[in-house]
Amino acid sequence: MNELNHVGLWNRCLEIIRDNVPEQTYKTWFLPIVPLKYEDKTLVIQVPSQFFYEFLEDKFVDLLRKTLYKAVGEGTKLMYNVMVDKSSRTTVNLESSPRTIISQKNVVGKEIPQIPASASELDPHLNPEYNFETFIEGYSNKLSRSVAEAVALNPAKTIFNPLFFYGASGVGKTHLANAIGTKIKELYPRKRVLYVSAHLFQVQYTDSVRNNTTNDFINFYQSIDVLIIDDIQEFAGVTKTQNTFFHIFNHLHQNGKQLILTSDRAPILLQGVEERLITRFKWGMVAELERPTVELRKNILRNKIHRDGLQFPSEVVDYIAENVCDSVRDLEGIVISIMAHSTIYNKEIDLDLAQRIVRKVVNKEKKSVTIDDIINIVCKHFSLETATIHTKSRKREVVQARQIAMYLAKSYTDFSTSKIGMLIGNKDHATVLHACKTIKELREVDKSFRAEIEDIQTALKKQG
């Protein structure tokens, strides 16, 4: 194919990518890419650095895979031409991982997988980079890691079943849960291990009800040896999903199978989850992952920088660790942002660059969003008086505004559902759970409604 064709193919890819990532992400990670050629079903693209290549492969491999299928066709391969020395224009060609190649049979939605004949045919959906070697231990996670390693060595043979991890976002729960699954697959390759988010489990269950395949859904999950459910708090308020999971949980536990669950809060604080499930969550071990200490944050940064083959001055590492304190994910995001700025704008990595980027992140969190902020912004968006939301009005626009306010309050504040109900219309706990479920489902099926919610959330971020 001639030059016009490979440029045209990449432009078609960019159109799809732009619809699926934030604008800043698109500008930072996709606009700098230069298409070089397309031949033998292989698209060759040039990227500015080894780090750029590794980041694309790590964060956007699934998006690239699906985009290539839609824009170019089945079986298309991706090859990177990586700039390794800008002064001499030296480049090296690197293949994409096999995950960027997609075939027709893999273009499916969130369908319930067929029960494979053997463990080797079941995709555990684990992230291999989330393993014990890359999990940095510190005082805040020492107990959780020790328990996790014990379970990995002897799944369902310890007293830690179920194993329930909880803690704030970004402290390593998903990493540790994946590490257990990865180690079990290494030690016991015949075991059927499956990692799934609570949200995807719920979507799969809803699909099975719609398609009249609920028995197949239950049978599939009851065939798992090690079931890892991430963000179990997402089950709040969805009674039928909880009932089904209750029976799956009982079956697995009674048959000597290992359950690993993660949540952003302790079992006792799980509002909207049935008491019989909460009781079972506490049967085994409940372990908290606390926010990382300064020393642990430094070690995490050094480890990431070393793994990525980067060079950061020690004062930059110290500054980041001392000023970004909530989440491991935030630390890694800062490293990526600094590296991206350094690569794209050809700047030295120094304290000045680190300070400018860290200030942007830390300043965004300078003010918490309150219930009053949420009510004011929601009412302004729908041109309603704020007092209207507290009335008993059953007008459609008032009910929906009230439900959206409850949904956002659940996301942006730490208040219980009972407290949210009391502050928004003096409603009860069940009304808030119903509101959250309604808005969540509407977001998933209605594109224009989802856009409205995103507009309100943008206004809330500016408020904060």
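User: What makes the crossing of α5 and α6 right-handed?

Analyst: In this predicted model, the crossing of α5 and α6 is right-handed, because that term applies if the near helix is turned clockwise from the far one by less than a right angle. The contact is made by S144, R145, A148, V151, A152 and L153 of α5 together with L176, I180, K183, I184 and L187 of α6.

User: Why are α5 and α6 called roughly parallel to each other?

Analyst: Helix α5 (residues 142–153) and helix α6 (residues 173–187) pack at an angle of about 25 degrees, and their axes are 8 Å apart. Angles under 35 degrees count as roughly parallel; therefore α5 and α6 are roughly parallel to each other.

User: Which classes of residue make up the contact of α5 with α6?

Analyst: The contact of α5 with α6 has eight nonpolar, one polar and two charged residues.

User: What makes helix α4 mostly covered?

Analyst: Buried means under 20% relative accessible area, and eight of the eleven residues of α4 (residues 61–71) are buried. Among the buried residues of α4 are V61, L64, L68 and A71. After α4 comes G73, with a positive phi near 135 degrees.

User: Which residues form the covered face of β9, and which the uncovered one?

Analyst: In β9 (residues 285–288), M285 and A287 form the covered face, whereas V286 and E288 form the uncovered one.

Technical notes: Residues are numbered from 1 along each chain as its sequence is written. This is a predicted model: local features need pLDDT of at least 70, side-chain atom pairs count only at pLDDT 80 or more; totals for chains, interfaces and linings use all residues. Side-chain values use heavy atoms; hydrogens and water are left out. Buried means under 20% relative accessible area, exposed over 50%, partly exposed in between (1.4 Å probe, protein chains only). Helices (H or I, at least four residues) and strands (E, at least two) are DSSP runs, numbered from the N terminus. Axes are lines fitted to C-alpha atoms, for helices over the stretch in contact, and angles run from 0 to 180 degrees between N-to-C directions. Angles under 35 degrees count as roughly parallel, over 145 as roughly antiparallel, 65 to 115 as roughly perpendicular and the rest as oblique. Contact means heavy atoms within 4.5 Å. Ala, Val, Leu, Ile, Met, Phe, Trp, Tyr, Cys and Pro count as nonpolar, Asp, Glu, Lys and Arg as charged, and the others, Gly among them, as polar.
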